[in-house]
Amino acid sequence: MTEANKAVTAPKEMEPLSPFAEFWGYFSQNTGALIGLIYIALVIAVALLANVVAPHDPAEQFRDALLVPPAWSEGGDWRFILGTDDVGRDILSRLIFGARLSLLIGCLVVVLSLVLGVFLGLVAGYFRGMVDTAIMRLVDIMLALPSLLLAIAIVAILGPSIFNASIAISFVSLPHYVRLTRASVLAEVNRDYVTASRVAGAGHLRLMFVVLLPNCVAPLIVQATLGFSTAILDMAALGFLGLGAQPPTPEWGVMLADARQFINSAWWVVTFPGVAILLTVLAFNLMGDGLRDALDPKLKQ
C-alpha cells in the first residue's frame, strides 16, 4: 500500500474541544439550566430596554383607572395588560422597571460580597494559623445568626434605603464566599504547580491571586450565580418590611408590600410581583445547578 493510500485509509484523529465548547456541551444537556439561561437573558434584555418596552411611566398615575383588572378579565382595559394598582399605576410597567432594579441590586450584592469574601478566604487558606482562626471564627459567628435578622439589624442602624439594604445583604452573604474560597485554597495550596511557583520565587500576592485564585474560580462562579437569587429574595423581603427601596420606587418587594391590603379584593396586584420574584429566583437557581454540573469534573459523565 502506498503512502497516499495509507493517508486516505487512516482514521482521522478528533481534534480536542476548546474549554468553552466542552463546557457548553455539558451545560446544554441540562434542559432546566437552558430554560433558566433563556429566561434570565430575556429579563436582562427587558431591563435594559425598559424605557422602550414599558407601555407607561412606572410612576404615572391614571386616576380614572384605579385597581383595573388584567386586560383579559371582566372590566379590564388593554391599555393596562396586567392591570393597575390602587393609585392607578400600570403594573406591567412597574414590573419591567423593577426587573432593572432587581438585577442591579443582584450585581451590586454579588460583586461586593464576592470581592471581599474571596480576599478573606484567600488570606485564611493561604496563611493559616492565627489569621485563619480569627477569620473563620468571625464567619462562624455570622453564620450562627439568622441572615435576614442580621440584615434587618444592619439596615436599622444605617437607615432604610436601597443602598443600605444592598450593603446589609452583601455583609450577610459574605460567609459563604469566605468558606468556599478557603476550602478551594486548602485543596490547591500543596499541589505541585504551587510548589513550583514558590520555588521559582513567586511572592505571596502572586501565589494567591495569580497562581491559586484562577484554579478556585469554578465553584465561585456557581455560588455567585446562586447569590443573585438570594440577593433578589432578601431585597424583596427588606422592601416588603419597608427597610429596602422606598415608595414609589418600582421594586418587586415594595410592590408586594403596597398590595397587602388588596390580597382578597384585587388578586392581580399581589400575584404578578410575586410571580416575577418566583420565576427570576427559580431561573437563577436552575442556571446555577447547570453551571455546577458543567464545571465540576466529578459530575461529568
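A residue is called buried when its relative accessible area is under 20%, exposed when that area is over 50%, and partly exposed in between, using a 1.4 Å probe and protein chains only. The model is predicted, so local features need pLDDT of at least 70 and side-chain atom pairs count only at pLDDT 80 or more, while totals for chains, interfaces and linings use all residues. Residues are numbered from 1 along each chain as its sequence is written, and side-chain values use heavy atoms, with hydrogens and water left out.

Leu67, which is not a glycine, has a positive phi near 55 degrees, and with a relative accessible area of 27% it is partly exposed. Leu67 sits in the loop between α4 (50-53) and α5 (91-127), where helices are DSSP runs of H or I with at least four residues, strands are runs of E with at least two, and both are numbered from the N terminus. Arg128 also has a positive phi, of about 55 degrees, without being a glycine, and it lies in the loop between α5 and α6 (129-144).

Side chains of opposite charge can pair when their charged atoms come close. A salt bridge here is a side-chain nitrogen of Lys or Arg within 4 Å of a carboxyl oxygen of Asp or Glu, and the count comes to seven. One of them joins Arg137 to Asp140, with the closest N and O atoms 2.8 Å apart; both residues lie in helix α6, three residues apart, about one turn of the helix. Another joins Arg191 to Glu188 at 3.2 Å between the closest N and O atoms, and here Arg191 is partly exposed at 43%, whereas Glu188 is buried at 14%. Salt bridges that share partners also join Arg128, Asp132 and Arg182 into one network.
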